[in-house]
Amino acid sequence: MLGDFRIEHDSASVELGAKAPTRALDILRMLAVSKDHACSLESLQDALWPDLDGDQAKAACEQALHRLRKLLGAGELIAQREGRLRLSTDRVWVDLADWEVRLQQLSNADPAEAAQRAQLERLFRDFSGPVLFRGQASTWAQPVAERLQNKFVELALRLGTQCEARGDGRSAQGYYLRALEIFPQSARLSHALIRARLAQGDKAGAIDEYSRYERMLKAA
């Protein structure tokens with residue numbers, strides 16, 4: 001779910017084809033980002049087929065679910081019980097969920113300690129991109145996308161601030177720049193980068209970053 005959407009089965013990419021079953025994949029994506037990887041069929045139908053009435057939405061959902069199971073090649077990967085769908089978490093791994101669990105486990109880690117800093121740095125590097133599909137987050141995925149952005153930006157600031165405290169402004173700027181490549185509109189990251197460049201006496205670089213941020217705001 002992080003970065004470009006993809007499915008892998010036994011370490012091999014699943015080809016989605018030129019005409020990927022969009023709604024079938026939306027079911028999978030919704031399950032992937034939902035709490036406990038489970039959704040009621042009613043919530044799926046409301047989110048994905050809002051313009052259809054009850055029976056039509058139900059039929060469309062059943063058809064999309066059939067296509068999804070066919071695409072995955074293993075129907076048991078998605079369990080259906082009492083009006084709810086759930087990913088079989090003993091057989092399915094979701095990068096987004098794994099990343100958030102690891103972040104939670106390191107919530108009290110001290111970047112000043114080398115071993116804990118190494119784990120935080122690996123977590124930072126493992127973040128491959130925002131929750132997107134076809135260049136943007138779907139409406140139902142927007143809250144998840146925003147939550148994840150906030151967590152990643154906070155991680156970048158946490159690592160960068162520690163670098164600045166050690167007098168390593170260059171490494172701090174590296175964290176801010178890499179995070180800005182993923183979330184270029186983040187005011188917090190731009191502010192941190194400008195501050196770090198000023199601390200290094202790089203006034204021209206600070207002005208360049210401020211100008212870049214202004215252009216980004218106007219374009220948005």
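In β5, Arg84 is the bridge partner of Arg81. That pair is a handy way into this predicted model, whose chain holds 9 helices and 5 strands. Below we go from the sheet to the helices packed on it, then to the core, the cysteines and a few residues worth a look in your viewer.

**The chain as a whole**

- Reading from the N terminus, the order of elements is β-β-α-β-α-α-β-β-α-α-α-α-α-α.
- Along the principal axes, the C-alpha atoms fill a box of roughly 65 × 40 × 30 Å.
- The chain has 220 residues, and 42% of them are buried.
- If you take the contacts between residues at least 6 apart in sequence, 58% of them join residues at least 24 apart.

**The three-stranded sheet**

- An open sheet is built from 3 strands in the order β3-β5-β4, with antiparallel pairing.
- Its edge strands are β3 and β4, each of which pairs on one side only.
- On average, and ignoring direction, neighbouring strands of this sheet are turned by 20° against each other.
- The antiparallel strands β3 and β5 are joined by 3 bridges, and Ala38 stands opposite Arg86 of β5.
- On the other pairing, β4 and β5 run antiparallel over 4 bridges.
- β4 and β5 also make a hairpin with 2 residues between them, and Glu82 in that turn has a positive phi of about 50°.

**Helices on the sheet**

- Helix α1 packs on the sheet, where it touches β3, β4 and β5, and its direction makes about 75° with that of β5.
- Helix α2 lies across β3, β4 and β5 as well, running at about 80° to β3.
- Which residues of α2 (residues 41-48) are buried? They are Leu41, Leu44, Gln45 and Leu48.
- Viewed down the axis of α2, these buried residues fall within an arc of 95°, so they line one face of the helix.
- Exposed residues Glu42 and Asp46 sit on the face of α2 that is turned away from its buried side.
- The packing partners of the buried α2 residues are α1 (22-33), β3 (38-40), α3 (54-72), β4 (78-81) and β5 (84-87).

**The nonpolar core**

- As background, nonpolar side chains tend to be buried together in soluble globular proteins.
- The largest nonpolar core here has 62 residues, and those touching the most other members are Ile27, Leu96 and Trp99.
- Helix α6 (residues 142-165) gives the most to this core, with 10 residues.
- Where does Ile27 make its contacts, leaving aside neighbours within four places in sequence? Its partners are Leu44, Leu48, Trp49, Cys61, Ala64, Leu65, Leu68 and Leu85.
- Two of those partners, Leu44 and Leu48, are also among the buried residues of α2.

**Cysteines**

- A disulfide is a covalent bond between the sulfur atoms of two cysteines.
- The whole structure was searched, and 0 disulfides were found.
- Cys61 is buried, with a relative accessible area of 2%.
- Cys163 is buried too, with a relative accessible area of 2%.

- Gln173 belongs to helix α7 (residues 169-182).
- With a relative accessible area of 12%, Gln173 counts as buried, because the cut-off is under 20%.
- Apart from neighbours within four places in sequence, Gln173 is in contact with Leu193, Ala196, Arg197 and Gln200.

**Positive phi in loops**

- Asp10, a residue other than glycine, has a positive phi near 55°.
- Asp10 is placed in the loop between β1 (8-9) and β2 (12-13).
- Is Asp10 buried or exposed? Asp10 is exposed, with a relative accessible area of 70%.
- His37 is not a glycine either, yet its phi is positive, at about 55°.
- The loop between α1 and β3 holds His37, which counts as buried at 13% relative accessibility.

Conventions:
Residues are numbered from 1 along each chain as its sequence is written. Side-chain values use heavy atoms; hydrogens and water are left out. Buried means under 20% relative accessible area, exposed over 50%, partly exposed in between (1.4 Å probe, protein chains only). The arc is that of the directions from the helix axis to the C-beta atoms. Contact means heavy atoms within 4.5 Å. A nonpolar core is a set of buried Ala, Val, Leu, Ile, Met, Phe, Trp, Tyr and Cys residues joined through side-chain atoms within 4.5 Å. A disulfide is a pair of cysteine sulfur atoms within 2.5 Å. Two strands pair if DSSP finds at least two bridges between them. Axes are lines fitted to C-alpha atoms, for helices over the stretch in contact, and angles run from 0 to 180 degrees between N-to-C directions.
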